[in-house]
Amino acid sequence: MTIDQSVALAPASRAIQLIGTDLTEKSLKLHLDGLSGVDAVGLESRAAGLATRSIKTTSKVWALDTIIRLIDLTTLEGADTPGKVQSLVAKAMNPDPSDPTTPRVAAVCVYGDLVADAVAALGSTHAAGGPTGINVAAVATAFPSGRASLAVKLADTAEAVAAGADEIDMVIDRGAFLSGRYGLVFEQIVAVKEACRRADGSYAHLKVILETGELNTYDNVRRASWLAILAGADFIKTSTGKVQPAATLPVTLLMLQVVNDWYRLTGEKIGVKPAGGIRSSKDAIRYLVTVAETVGEEWLVPHLFRFGASSLLNDVLLQRQKITTGHYSGPDYVTID
Amino acid sequence: MSFLEYAPAPESKSILHLKKSYGLFIDGEFRDGHGTPFTTISPADESPIAKISNANASDIDTAVAAARRAYDKVWSRMSGKDRGKYLFRIARLVQERTRELAVAESLDNGKPIKESRDVDVPLVAAWFFYYAGWADKLDHAGLGPAPKSLGVAAQVIPWNFPLLMLAWKIAPALAAGNTVVLKPAETTPLSALIFAEILQQADLPAGVVNIVTGAGDTGSALVNHPDVNKVAFTGSTAVGRAIAKSTAGTAKKLTLELGGKAANIVFDDAPMDQAIEGIVNGIFFNQGHVCCAGSRLLVQENIHDEVLDRLKQRLSTLRMGDPLDKNTDIGAINSKAQLERIRTLSDIGEEEGATRWTAECAIPDKGFWFAPTIFTNVETSHRIAREEIFGPVLSVLTFRTPAEAIAKANNTPYGLSAGIWSDKGSRILGVADKLKAGVVWANTFNRFDPASPFGGYKESGYGREGGRHGLGAYLQSGWHAESQRALPPAVGSPAKPVRAAKKGASK
């Protein structure tokens, strides 16, 4: 199909600020195609270098607690039930019953229809976007494939927000992106962002999932990251967790570099969320190092960095117990959720 | 506490089994030298590590005689297949003792453990594995049928990559069937002496490799020894020139790998984040103690400010300190003398009008340290743009067109290496073709592989090390040997062309 490049795009403020008021498919494409390329070998070797940092003793203690504070504790299964969500929330509020000093996670992440159950289970612990407590994040826009009409995606989003979701994890239309219809992807993100608007005029936080495993090249990841930020994303997120490869260190490093570029350009801080495949403390610490050495450690706070994970939490708890007690316990000393 | 002030993560020294003193390794055993012993120190805190024997002329005689005996009686008669077995064994032992060698290297040299552990020692093993494979395939090295070994090789190596330079020298020499007398640098003898223990462990026949320690006079006695057939030197251009003079007119075959002042050229279409990494790796790897370091950054004028901004942000995350800490990026300068040279040249840079910027780093009280430094507003006539500083000091120059970049890159007496950063393949190939440098890296820098030849143009030396080409430095061509036999002895008259001589013989 041919793409009409002269149609004006939705007037997203960031895009207008950067590209100008004559925002069209063509001007957007020119901007995205003009980005500096990514050398895959160099990117991967930098990530491998960051992964060799040795985080010990006091640094490790701080890192483990920080990882817990940055986790979006996630359950995204077709078999999820209200009972499963209740159990997940209990775990989020009190990750290690044997140690009350254990911090809470940042959010629980569920499918849209289970948002009300999550909110109910959290009760007074529900942060609702506030500084303390736990947020509820919902995946929306026909997650994970994104294959639905815009109307369905918007309804999906609005319903989750109405049910009390504080954060929306949307997926981009990878098919449209790969066929070069950047304007369509852009318009959809802008529209979903608008659907995140609550009755009182405030917005649920929008995380835009690029599904980097389907974008195939690092150049595409860089373009998609810029596209999502220009359209209004609060967070850019690597993956749904349903496609392999999910989050990798090089991809996350690249997205952090884009966030750094945006910060240098505008002074505005965008969040990054690697999701899927981060299962061990050791792995998660490598991500902390990468964040701290790329954009700075002020990014290691819940509104700027998250881990999308489920099994990661228990490994961090085991490591934490080892540091407290001096010996390794085992899987039976941490709770399943 | 800030997370980025990572808690100390030092590699333990307990893996080392250091002796209080080390002798010379001659004829398969350690023995005391006849010169005045010296102490090798750790440049990070100036603490003594061990006492090292000093070889005088008589020790060199003994070592060369041992190498000659081993050549005549054992090594030159051994099949390539069997020589290869010894080299494979050495490579495996290096791998087994990787941690120990890495700790020794960082302790004695001052380089960060992450480099000695992840770069130096793995490459040492790779070099021995690579040339082990060649030992029984010399007929296929492109040097004609049955190329001949040369005899005894005298090898003198520098202090910047002590063990790696040893491997670059010893592995091809042994694969080609030569025996060796090697002198490590006086500030970094430790890893070579531990390597000597590995040779004992590998049961390498006595005298095939001899390691003699000492300073410049020891090296001079070695390369000038009359019974040496081959001289291989890596180090400064000044010493290289002296060696070239002293070996001129002798039958000694000579290869020199000397200084450099490499241009690292960044075009405006370069992959920016990776180019920044490449600039950092190009000049701050191993504290800039790299002959092929990218010490002249040539950056396209329209991206100069952005590159400098990003570079400074990146440099502020580099961690300088204890070489044995696994998170250290920049270690200690190898010696007081080298530190003085870096300081002097940097001061000259300021006097000449260049603008100096130094990363904020806490400098330890003891030891030899120099924080990463960038000079901007550098002109091609400045000494910091022409002379090899051999330290963590980058001179930044600009260019407007590819032709100007090429002209500036080639405007140096050296020609060891160069780097090109661009997303455009045709530009990389076009520019690489016109650079007068032995190694040209594209979108990377300071990458080494045993299969790739390495060496320079002009004052950076001659001969190639590594790859198939590296064998040529230690072999006499099979064709050459044939043609020499066919020539009649030259008696005071100009040598006749080979073809004419053959014609005469057939008549």
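The following legends describe close-up views of a predicted model.

**View 1. The side of chain A that touches chain B.** In this view, 22 residues of chain A are in contact with 21 residues of chain B. Helix 3 (40–50), helix 4 (57–69) and helix 13 (281–294) of chain A are the elements that give two or more residues to this side of chain A. By class, the residues on this side of chain A comprise seven nonpolar, nine polar and six charged.

**View 2. The packing of helix 11 and helix 12 of chain A.** Helix 11 (residues 218–231) and helix 12 (residues 249–266) of chain A pack with their axes 10 Å apart and at an angle of about 40°; helix 11 of chain A is therefore oblique to helix 12 of chain A. Their crossing is right-handed. Helix 11 of chain A contributes A:Tyr218, A:Val221, A:Arg222, A:Ser225, A:Trp226 and A:Ile229, while helix 12 of chain A contributes A:Val251, A:Leu254, A:Met255, A:Val258 and A:Trp262. The residues of this contact divide into nine nonpolar, one polar and one charged.

**View 3. The open sheet of chain A.** Eight strands with parallel pairing are arranged in the order 7-6-5-4-3-2-1-8. Strand 7 (271–273) and strand 8 (307–309) of chain A are the edge strands, each pairing on one side only. From one strand to the next, the twist averages 25°.

**View 4. Strand 6 with strand 7, and helix 6 on the sheet.** Strand 6 (residues 235–237) of chain A runs parallel to strand 7 of chain A and is joined to it by three bridges. Opposite A:Phe235 stands A:Gly271 of strand 7 of chain A. Helix 6 (residues 115–122) of chain A packs on the sheet, where it touches strand 2 (107–111) and strand 3 (135–140) of chain A. The direction of helix 6 of chain A makes about 170° with that of strand 3 of chain A.

Conventions:
Residues numbered from 1 in each chain as written. Chains lettered and ligands numbered in written order. Predicted model: local features only at pLDDT ≥ 70, side-chain atom pairs only at ≥ 80, totals over all residues. Contact = placed C-beta atoms within 7 Å. Helix = DSSP H or I, 4+ residues; strand = E, 2+ residues; numbered from the N terminus. Nonpolar A, V, L, I, M, F, W, Y, C, P; charged D, E, K, R; others polar. Axes fitted to C-alpha atoms, helices over the stretch in contact; angles between N-to-C directions. Parallel < 35°, antiparallel > 145°, perpendicular 65-115°, else oblique. Left-handed = near helix turned anticlockwise from the far one by under 90°. Pairing = 2+ DSSP bridges.
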